[in-house]
Amino acid sequence: MAAMTPRHAARALLGLGGMLLFAPGCLSGARNLGAATTPEGTTEVGVSLNALAFERGRERAYLPNPELTFRKGAGENWDWGGRLTLLGLELGTRHRLVERSPWTLSVAPSAGAWYVPVTNNSTEPVNFRLGAQTLLDYRINRTWTITGGASLMGAFAGPLTVFQGRFNGTHLLASPGGSLGVAFRLNPSLELRAEGGLELPLDLRDGRQPLTGHVGLTLRWGRTAAR
């Protein structure tokens with residue numbers, strides 16, 4: 001079997017990413033990020049497949065959530081990027097605060113909007129989300145990295161009638177959460193990352209809502225612009 005080159009990886013990622021954009025999905029709490037920022041002049045493209053767990057009536061429901069992700073190194077200590085599906089978009093930045101080998105600490109604020117095709121008594125189709133995640137990397141060696149994350153997100157969820165100026169049935173939520181991930185670098189420009197996490201939505205009017213969770217895989221490829 002021929003070895004995968006960066007060019008072959010890029011073609012595979014773009015092709016798979018194009019197919020994923022036409023699969024239904026919504027933005028989840030999964031970000032599949034490490035604390036290390038993308039180097040300046042480097043662009044990273046990735047595809048993620050997450051499984052979401054949430055309450056549907058009296059039962060637990062599970063929904064596959066494919067995503068196309070991208071990051072762009074913008075400076076020595078920060079980058080920007082986002083996540084995209086057919087039904088949602090999130091954009092954000094990531095800022096490296098501390099780097100003392102083998103530790104790296106970053107904060108990643110973000111904002112997003114998406115449509116949720118599966119709803120229950122505490123969720124609605126139209127969603128807006130704003131918040132930040134703190135990320136801590138522990139680099140075991142050049143190949144393996146463990147990432148812990150803690151997040152706090154504020155969210156607005158409402159029916160489609162919000163576009164008519166009718167806000168009955170809307171929800172305002174605060175969602176603290178946590179995640180744990182591990183990354184394996186296949187080569188200098190190709191990374192495979194697995195992540196799992198939980199969020200506890202707190203409705204500001206109705207109180208605590210059932211836990212939501214995610215687990216998923218991301219394949220990310222990076223390319224440095226020629227100078």
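Which residue of β10 does A174 stand opposite? A174 stands opposite L202 in β10, and the views below start from there. The model is predicted, so to speak of local features requires pLDDT of at least 70 and side-chain atom pairs count only at pLDDT 80 or more, while totals for chains, interfaces and linings use all residues. Residues are numbered from 1 along each chain as its sequence is written, and side-chain values use heavy atoms, with hydrogens and water left out.

**View 1. Strand β8 and its neighbours.**
Strands here are DSSP runs of E with at least two residues, helices are runs of H or I with at least four, and both are numbered from the N terminus. Two strands pair if DSSP finds at least two bridges between them. Strand β8 covers residues 171–187 and pairs with β7 (residues 144–158) in the antiparallel sense, over 14 bridges. Within this pairing, G154 stands opposite A174. Strand β10 (residues 202–203) also runs antiparallel to β8, joined to it by two bridges.

**View 2**
Strand β9 (residues 190–199) is antiparallel to β8, with ten bridges between them.

**View 3. The largest pocket.**
A pocket is found on a 1 Å grid over the protein atoms alone: it is an open set of points where a 1.4 Å probe fits, with protein on both sides within 12 Å along at least five of seven lines, and lining residues have an atom within 4 Å of a point. The largest pocket holds about 700 Å³ of space, a volume being the space filled by probe spheres set on the points, which are joined across faces, edges and corners. It has 34 lining residues, and the closest to its centre are A36, T37, E44, R185 and E191. Elements giving two or more residues to this lining include β1 (42–56), β8 and β9. The largest share, five residues, comes from β12. By class, the lining has ten nonpolar, eleven polar and 13 charged residues; Ala, Val, Leu, Ile, Met, Phe, Trp, Tyr, Cys and Pro count as nonpolar, Asp, Glu, Lys and Arg as charged, and the others, Gly among them, as polar.

**View 4. Two backbone details in loops.**
Most residues other than glycine have a negative phi, and most peptide bonds are trans. N32 is not a glycine, yet has a positive phi of about 55°. N32 sits in the loop between α1 (6–21) and β1. N32 is buried, with a relative accessible area of 1% (buried means under 20%, exposed over 50%, partly exposed in between, with a 1.4 Å probe and protein chains only). The peptide bond from S101 to P102 is cis, with omega near 10°, and P102 lies in the loop between β4 and β5.

**View 5. The aromatic pair of F128 and F156.**
Rings of Phe, Tyr and Trp (its six-membered ring) pair if their centres lie within 6.5 Å; planes under 30 degrees apart count as stacked, over 60 as edge-to-face and the rest as tilted. The whole structure has four aromatic pairs. F128 and F156 form a tilted one, 6.1 Å centre to centre with 35° between the planes. Because F128 lies in β6 and F156 in β7, the pair ties together parts 28 residues apart in sequence. F128 is partly exposed, at 39% relative accessible area, whereas F156 is buried, at 19%.
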